[in-house]
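I opened this model to look up a helix contact and the pockets. My notes follow.

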There are 2 protein chains.
Amino acid sequence: MPYGYNGKILHVNLTAGTLTVEEPPESFYRKYLGGQGTGLYYILQGMPAGVDPLGPENMLAITLSVVTGAAVSGQSRVMINAKSPLTGAIGDSQAGGFWPAEAKFAGFDAFIIRGRATKPVYLWVHDGQAELRDAAHLWSKVTGEAEAAIREELGDSKIQVLQIGPAGEKLVRYACLLNMCNRANGRTGMGAVMGSKNLKAIAVRGKKKPDIANPQALSAIARWGARNFPESDIYGMGLHGTAEVLSYQQKSGGLPTRNWASGVFEGYETIDGTTMSETILKARDTCYACVVRCKRVVEVTEGPFQVAPHYGGPEYETLSTFGSYCGVSDLAAIARANQICNMYGVDTISAGATIAWAMDCFERGIITAEDTGGIELRFGNAAAMVKMTEMIARREGFGDLLAEGMVQAARRLGPEAETLVTAVKGNPLPAHMPQVKRSLALIYAVNPYGADHQSHEHDPSYGGYPERMAELGLLDPQPDDVLNAEKVRYALYTQQLYNLLNTLGLCQFVWGPAWQLYGPSQLVDMVRAVTGWNVSLWELMKAGERSLNMMRAFNDREGFTSAEDKLPPKLFQPLIGGPSDGIAVTEEEMAAALPLYYAMCGWDAEGRPTRGKLAELGLAWVADELGLD
Amino acid sequence: MPYGYNGKILHVNLTAGTLTVEEPPESFYRKYLGGQGTGLYYILQGMPAGVDPLGPENMLAITLSVVTGAAVSGQSRVMINAKSPLTGAIGDSQAGGFWPAEAKFAGFDAFIIRGRATKPVYLWVHDGQAELRDAAHLWSKVTGEAEAAIREELGDSKIQVLQIGPAGEKLVRYACLLNMCNRANGRTGMGAVMGSKNLKAIAVRGKKKPDIANPQALSAIARWGARNFPESDIYGMGLHGTAEVLSYQQKSGGLPTRNWASGVFEGYETIDGTTMSETILKARDTCYACVVRCKRVVEVTEGPFQVAPHYGGPEYETLSTFGSYCGVSDLAAIARANQICNMYGVDTISAGATIAWAMDCFERGIITAEDTGGIELRFGNAAAMVKMTEMIARREGFGDLLAEGMVQAARRLGPEAETLVTAVKGNPLPAHMPQVKRSLALIYAVNPYGADHQSHEHDPSYGGYPERMAELGLLDPQPDDVLNAEKVRYALYTQQLYNLLNTLGLCQFVWGPAWQLYGPSQLVDMVRAVTGWNVSLWELMKAGERSLNMMRAFNDREGFTSAEDKLPPKLFQPLIGGPSDGIAVTEEEMAAALPLYYAMCGWDAEGRPTRGKLAELGLAWVADELGLD
């Protein structure tokens, strides 16, 4: 081995106010790599079953990986796991930005947070040192103000801040964390967990670049990326952001519209990536060392919906959830809703989808203007959408109910409202439609943290990148609209790959099979160059599978069974209009695909990892932990 | 893809006397690769369950791989599969030599043989052409004579001949095939299957070197091997042959002695690799393009046991089965028995082990000199051992019973004889002891073709090559004498790797994790260089797992269950003497390891592949074939 990987894990006990540094052996880093793998390792060992997600017993794992901070595109990401207050299952979310690399430069690989502080605190980590500091003056501040205050107080404008906003403080169940005020660890309510712990922020600053085992090899990979980027499929996304995909979704009938009643939205052209580039776009932004620059910076200085550049700009999913989901075609309104979410720390997907569901309820009379405090919460009402976003973020009025989550709110409103839900395990569906890309039906159902669009490959890259799929052993491309055995296999293998990406903390666009710049063998080369370990794709894919199994094992311990691997009724109703008119997922295909998927995973008929599968992945200790036979 | 792999499969119907050429698409080659994968593909599709292994319905698949014939060490191997007349399960055996590369140069990737010729024939394959020719004049000839006659008749001294000897013609149930008269596809009776079909030989000659996608890359890998060979651990094996391991086995108490009563043999020094090098060794021989030259050529011109160089020399397993198994320390006698086997076409391991078992029966009075025709079949009687080898090969006298196989003979002799058996699924144990390398206990039990030493990594390389094991995701080395969950995992992963080697047709010494020259990543690089496919270790390991599952699926179809995954009683009795004195495999560890192994494999409690596992490997068609739920 060219060098021995070494790193530090910071254990934070907020109840006791103690900080402890652990330096695990190199074999630990090689096995768990970081991200989901490392987070779940500590969570499964350190946390009993059945705890209140918003109680002090919940653990919050904020993790980097063994390659975070290496000077190559798509590596600066932070992964967060905890028991989710939205789903009761494992929570999981990832974000890019400059915080992750800076946290590595500050000397740590992970922050494992337990307990609850008696009063608001924040964690200040710099140059291998860490301290808890009073955050009373930061509490209730929006992200931009809190960030400025921390930098001012510590006297360093280059400090990076990962923080919750007021929504996290108020335990909005889909509150998020933000770094740079615009990179969100959005999903599954990790911000509420952090808020429940009275932890406002983790501020980081450091100058120690990570050791690179083979700097020449890494540099060659980075240069290759820069050289090939202009000719790659990701180039357009660099130009127009993830919003580039919106027109494509519309064309295939896969743009969720009016709470998923339709796959086409007549107003799509005014909210797509090209329009954004031509109108409100002020700049492109990027993550540490990344050539792609897919992040949007937008500004709106006139009209009812004004937007400041500091809070970034909407991603595709945000454009769709606040836009087509709600029937809203006003780009400025969407950008404003996005800004509110980034100021207050709210997941845009969950917020937009929940408002769209509420609009559906409103249109049907399940809720009325009386409930909403006079707001006409109708499809297409941009002002109502923006207002409701703010009310959720502040837990004001009807927003307080929606802040509990779509499924929880529906339960209060009764059976008709429940039939309109678009969520799995309580996690609202992101803007990719199983009706037109059928593998999503399966993965939405089975994914441990609920419906998610970054946990397998659902873009039609199977045709577009057959050589890269072949490296995964997928030699037999299937049409998008089938869910046969080969498609289930494809979904599983790419899910394992995505879990690897979420373990190594790699961006799916740069390192994943879709839209990608680099292929799987370059991924292997990059990990080799950074760590000096002669890893193989076999070893790495098994690490991805390991993470997936640890998450399912967590859910098993919490009592989840196949009953929770269920799509909402809406997906079985035919879509209306456009190329996807009349199309629905069928109960029959799901009834066939689910047991096949479980069996492919080596899980039991209830979708629970078996001792055999866990042991095969080097996780016999998890089977012991769960008391499996 | 730099070039499209194309190849030809020759289908031979001996009943009809027809030859048909199939040219499968490139995706077929990439998925099944050759060897076990390709053989089982045709066997599972073309053959019903329950056929007589020696009847015309049995199929004989003689396969090369996509890398056979490329100019690099350790690639010239031929793999053979059919239903085994020795075990009733899938048969499998591999051999090196010059025949495999020459067969590739002659234009074919595989020979799939069905039916039975009405009279003896041989197959003549040259330059993309093939014909069946009369073999009446070759029948009953020993291999050296038949080879010479074929070369003479066809007028080309460079023709390579893969053939059976008289033992195959007489359906000795562990008859083998030989090429060069000294490279044996030894195990599981594939020679008897060929004999039952009245097919004497496949003679090949060709000049078309296979297309290499990236000749520079391949050449660099080959040069690296040549350069690093003198410093590698395989160098000693080049000098002294596989016999080099004999002293090591003795030292660790792992040299099976007197029908496995002991793990040490007092006469080991007179039969080890160094002694052979210093006494009877005449030359070193090699396989096509291989730098190792591990093959022995020996000569004995005086005394009772004379040996001609044309028939090669004994491997470690042959030295042990005819030597320590039988208590024989006469090197010339062992070399003579080896020559008889190579002349008549008999598996040396099965022959030696069966004779040792018969000696054990003789010593205990279960059989007597009356049964053996006056031969004092006692441990240490070298002349009796050589004589009995010849009697088996010719099916003469008591040899006719032993030619049926150890387990079949024991069944005739009664319960006491059965307790002395050293075989799994009827396949005699090769010379590697589960008592001192405990993973062998598991793999001997579960291997689809019975006890075998080339189907997982059992040498203590886990300690010696931790970096190469780490590439397989095996980061936690275990002692040799335990069979815990991590060891079961190690056994399974290396079994999958060996099944890959037996699918790609690669020599375990050059490309496997033990004694190896090249590591797993170089294996990937080599396959890429030859084929132009950007394969990963993930894709390749899955191909190995695919082959393993196809073999188990075959056995399932034949009615095999976990009841057949059983070690003989002898292994549970304590060994006597030396470092392994008192050591035995325990029923308890096997009872724990078996279900864990099945579960790790994704098989059911009876060790049968499930539809889920098969579908996960892209083998849903096999599940259909077997009628699985």
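**Helix contact in chain B**

I looked up which residues of H21(B) meet H24(B), with contact meaning heavy atoms within 4.5 Å. From H21(B) I noted B:Leu492, B:Tyr493, B:Gln495, B:Gln496, B:Leu497, B:Asn499, B:Leu500 and B:Thr503; from H24(B), B:Leu540, B:Met541, B:Ala543, B:Gly544, B:Glu545, B:Ser547, B:Leu548 and B:Met551. By class I found nine nonpolar, six polar and one charged residues (Ala, Val, Leu, Ile, Met, Phe, Trp, Tyr, Cys and Pro count as nonpolar, Asp, Glu, Lys and Arg as charged, the others, Gly among them, as polar).

This is a predicted model: local features need pLDDT of at least 70, side-chain atom pairs need 80 or more, and totals for chains, interfaces and linings use all residues. Residues are numbered from 1 along each chain, chains are lettered from A, and side-chain values use heavy atoms without hydrogens and water.

**Pockets**

I read about 500 Å³ for the largest pocket. Its lining has 21 residues, with B:Val407, B:Arg411, B:Val424, B:Lys425 and B:Gly426 nearest the centre. A pocket here is an open set of points on a 1 Å grid where a 1.4 Å probe fits, with protein on both sides within 12 Å along at least five of seven lines; lining residues have an atom within 4 Å of a point. H16(B) gives the largest share of this lining, three residues.

The second largest pocket has about 430 Å³. Its largest share, four residues, comes from H17(A). Domain 2 (232-420) and domain 3 (439-626) of chain A both line this pocket, so it lies between them; the bounds come from an automatic or database domain assignment.

Definitions and conventions:
Helices (H or I, at least four residues) and strands (E, at least two) are DSSP runs, numbered from the N terminus. Grid points are joined across faces, edges and corners, and a volume is the space filled by probe spheres set on the points.
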